[in-house]
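Q: Could you walk me through reading a few features of this structure? I'd like the general idea each time, then the case at hand.

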Amino acid sequence: QVQLVESGGGLVQAGGSLRLSCAASGRTFSSGAMGWFRQAPGKEREFVAYVSWSGSTTYYADSVKGRFTISTDNAKNTIYLQMNSLEPEDTAVYYCAAMPQALGLQSAARTRTNYRYWGQGTQVTVSS
């Protein structure tokens with residue numbers, strides 16, 4: 001079993017920055033991958049970013065490309081999402097998720113059902 005705990009959410013003005021963290025404990029998978037998803041009120045949960053645990057492969061949603069950066073710290077079993085130039089449209093609950101085996105295809109990385117473990121989420125609110 002894998003436990004995921006997100007932190008770092010909060011309230012920020014448009015144009016500001018936040019860094020989210022997701023700490024993994026329990027059984028972890030060195031050949032696996034992690035992702036960030038978000039869900040705004042009344043909307044479907046959507047893909048934000050993906051990283052293999054090796055850090056060699058990353059994917060981003062078009063809406064965040066160039067503004068968000070996903071990274072890993074294997075020694076701490078933690079991933080990060082650095083979010084810059086935040087916009088009100090980025091307001092959502094952000095979830096991290098884990099898959100035991102990394103899937104190389106970008107389409108697979110974007111698919112919510114490919115992730116087995118999920119955190120409880122952290123709220124990000126961007127004011128205009």
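Q: Is arginine 38 buried or exposed, and why?
A: Keep in mind that this is a predicted model. The general idea is to compare the relative accessibility with a cut-off: buried means under 20%. Arginine 38 comes in at 5%, so arginine 38 counts as buried.

Q: Where does arginine 38 sit?
A: Look in strand S4, which covers residues 33-39.

Q: Which side chains make polar contacts with the side chain of arginine 38?
A: For polar contacts, you look at pairs of N or O atoms within 3.5 Å. The side chain of aspartate 90 makes one with the side chain of arginine 38, at 2.9 Å. Another, at 3.5 Å, joins the side chains of arginine 38 and serine 63. If you leave out residues up to four places away in sequence, arginine 38 also touches others, including Glu44, Phe68, Val93 and Tyr94.

Q: How many disulfides does the structure hold?
A: The thing to look for is a pair of cysteine sulfur atoms within 2.5 Å. This structure holds 1 disulfide. Cysteine 22 and cysteine 96 form it, with sulfur atoms 2.0 Å apart. The pair links distant parts of the chain, 74 residues apart: cysteine 22 is in strand S3 (residues 18-26) and cysteine 96 in strand S9 (residues 92-99). Both cysteine 22 and cysteine 96 are buried.

Q: What is the handedness of the disulfide?
A: For that, check the torsion about the S-S bond. Between cysteine 22 and cysteine 96 the torsion is about 50 degrees, so the disulfide is right-handed.

Q: Which side chains of strand S11 point to which face?
A: In a regular strand the side chains alternate between the two faces of the sheet. Strand S11 (residues 122-127) shows this: Thr122, Val124 and Val126 point to one face and are buried.

Q: Which way do S2 and S9 run relative to S11, parallel or antiparallel?
A: Strand S2 (residues 10-13) runs parallel to S11, and 4 bridges join them. Valine 12 stands opposite valine 126 there. S9 pairs with S11 in the antiparallel sense over 3 bridges, and valine 93 stands opposite glutamine 123.

Q: Where is asparagine 114, and which residues does asparagine 114 touch?
A: Asparagine 114 is in the loop between helix H1 (106-109) and strand S10 (117-118). At 31% relative accessibility, asparagine 114 counts as partly exposed. Not counting residues up to four places away in sequence, asparagine 114 touches Met99, Leu103 and Ala108.

Methods: Residues numbered from 1 in each chain as written. Predicted model: local features only at pLDDT ≥ 70, side-chain atom pairs only at ≥ 80, totals over all residues. Heavy atoms only, no water. Helix = DSSP H or I, 4+ residues; strand = E, 2+ residues; numbered from the N terminus. Buried < 20%, exposed > 50% of the residue type's maximum accessible area, 1.4 Å probe, protein only. Polar contact = N/O pair within 3.5 Å; in protein donor to acceptor, adjacent residues only side chain to side chain. Contact = heavy atoms within 4.5 Å. Pairing = 2+ DSSP bridges.
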